[in-house]
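Please examine the sequence and the structure shown below. The briefing that follows sets out selected features, grouped by topic.

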Amino acid sequence: MMVQLMRAARLHAVGDKMVIEDVERPTAAGTDVVVAVKGCGMVPNLANVLANWESWYPQMPLPPRPAIFGLDPVGIVHEVGELVVNVKPGDRVYVNPGRSCGACHACTSGTPQRCDFWTLNGYFGYNDNSLEIFRRYPHGGFCEYMRAPQSALVKLPGNLEFRQATRMGYLGTSFAAVKKLGPLAGRSLIINGATGTLGVGVTLVALALGVSRIYAVARGTRLLERLRALAPDRIETFSNVEGSTAAWGKSLTAGRGADLMVDTLGAVASLDSFKDAMHGVKRGGRIVNIGGTAGELGLDVKWWMDEQMELIGSVWFTTAEGIELAEMIRHGVIDISVLQPKSWPLDEINEAISGVASGDGGFTSYLVEI
């Protein structure tokens, strides 16, 4: 049988540019499908990950090179394995890059992020077990066809075009974080890093799920004003360049602080900002972290105990949460029309990697179209 080829962008070594090459096209078998990729979201931090990840986090492996990266693929189901159910060729889908073993207690109880094999396909892994996942699923989204398990597919509603759907990864991460906050009716929420990609997502989701008041914190006032315009009667904004987030938040809440907080700051952000914002949360508050900041966060553990605080780490989202999010978009509960796609063709993958900072913060979605 003649081997069929496809075009793919591959990275051969750290520091190199990606190269467009002809590689073997995958085939479907068992419970796996092959998706004809139409677009793939571009992680704003991808250039940093490709250049620095292995020195920053040597315990968290990148895919072995040459590697096909690409975190947020969307496309059309091209071929299905003989054991696939509920998915057929022609279905429009988002491919959740979260991979796990599928058989352990964590996976079968709906918490695959706790699996020892948890991996973000086309991006990075969480321990050496991820190398086995990369071997089984070597395709990120920067190629024409990719193989994926049927359990990773989120069917897209007709009112969600492919370019917008490449934002599902960040929206799903935001959705999973907001769900962990609990019921939002009558409650207030600090969003730290509110104008970034995750921050805008958290804002859209929290508004849709009924939060009463958002305290949006970031540096730049221009994007903060744009964010406030989404719901002027429910969003207050603050530039933390001007002072303490904690002091500002408490000044608006009679000294008590907000009920809840989500931190969305990026990898190079200051932990001081995170810590300051945490102290703007009221006694008994809940804080969820989905940002990329790293390092030791010094806290007075007696304050933590006495104030009955909760700090929750939230990584990515499940396919089930992706399905829930797609249904919310289908029925207009979440309106993502404020997110503007900025795209490049696959042949310009290197220009895309270096151009992701050229938009309007979290209001711009970056992608490669294939």
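Strand β18 gives the most to the lining of the largest cavity, with 3 residues. Strands (E, at least two residues) and helices (H or I, at least four) are DSSP runs, numbered from the N terminus. A cavity is, on a 1 Å grid over the protein atoms alone, a set of points where a 1.4 Å probe fits but cannot get out, and lining residues have an atom within 4 Å of a point. The model is predicted, so local features need pLDDT of at least 70 and side-chain atom pairs count only at pLDDT 80 or more, while totals for chains, interfaces and linings use all residues. Residues are numbered from 1 along each chain as its sequence is written, and side-chain values use heavy atoms, with hydrogens and water left out.

**The largest cavity**

- The structure holds 1 cavity of 30 Å³ or more.
- The volume of the largest cavity is about 80 Å³, where a volume is the space filled by probe spheres set on grid points that are joined across faces, edges and corners.
- The lining is formed by G41, M42, V43, P44, D72, T166, R167, Y170, T197, T364, S365 and Y366.
- By residue class, this lining divides into 5 nonpolar, 5 polar and 2 charged residues; Ala, Val, Leu, Ile, Met, Phe, Trp, Tyr, Cys and Pro count as nonpolar, Asp, Glu, Lys and Arg as charged, and the others, Gly among them, as polar.

**Strand β18 and its partner**

- Strand β18 (residues 364-369) runs parallel to strand β17 (residues 340-345), and 6 bridges join the two; strands pair if DSSP finds at least two bridges between them.
- Between β17 and β18 the chain passes through helix α12 (residues 349-354), in a right-handed β-α-β crossover; right-handed means that, with the strands pointing away from the viewer, the path from the first strand over the helix to the second runs clockwise.

**The second largest pocket**

- The second largest pocket holds about 460 Å³ of space; a pocket is an open set of grid points with protein on both sides within 12 Å along at least five of seven lines.
- It is lined by 22 residues, of which R99, S100, C101, G102 and S151 are the closest to its centre.
- Two or more lining residues come from each of β6 (98-99), α2 (105-108) and α3 (130-136).
- Helix α3 provides the largest share of this lining, 3 residues.
- The lining of the second largest pocket comprises 10 nonpolar, 9 polar and 3 charged residues.

**The sheet that contains β6**

- Strand β6 belongs to an open sheet of 3 strands in the order β6-β7-β8, with antiparallel pairing.
- Because β6 and β8 (124-125) stand at the edges, each with a single partner strand, one side of each is left without a neighbour in the sheet.
- Strand β7 (residues 119-120) pairs with β8 over 2 bridges in the antiparallel sense.
- L120 has F124 as its bridge partner in β8.

**Backbone features in loops**

- Most residues other than glycine have a negative phi, and most peptide bonds are trans.
- The peptide bond from R65 to P66 is cis, with omega near 0°, and P66 is found in the loop between α1 (46-56) and β4 (72-80).
- N86, in the loop between β4 and β5 (92-95), has a positive phi of about 70° although it is not a glycine.
- N86 counts as exposed because its relative accessibility is 67%; buried means under 20% relative accessible area, exposed over 50%, and partly exposed in between (1.4 Å probe, protein chains only).
- A254 lies in the loop between α8 and β14 and has a positive phi near 55°.
- The relative accessible area of A254 is 67%, so A254 is exposed.
- G255 lies in the loop between α8 (245-251) and β14 (258-263), and at 46% relative accessibility it counts as partly exposed.
- G255 and G280 are 25 residues apart in sequence, and their C-alpha atoms are 9.1 Å apart in space.

**Regions taken from UniProt**

- UniProt lists residues 15-361 for "domain: Enoyl reductase (ER)" in an unreviewed entry; its positions are given in the numbering used here, feature names are shortened, and annotations may be inferred rather than shown by experiment.
- Over residues 15-361 the chain is 28% helix and 24% strand, with the end C-alpha atoms 26 Å apart.
- The unreviewed UniProt entry also places a "transmembrane region" at residues 189-211.
- Over residues 189-211 the chain is 52% helix and 17% strand, and the end C-alpha atoms are 7 Å apart.
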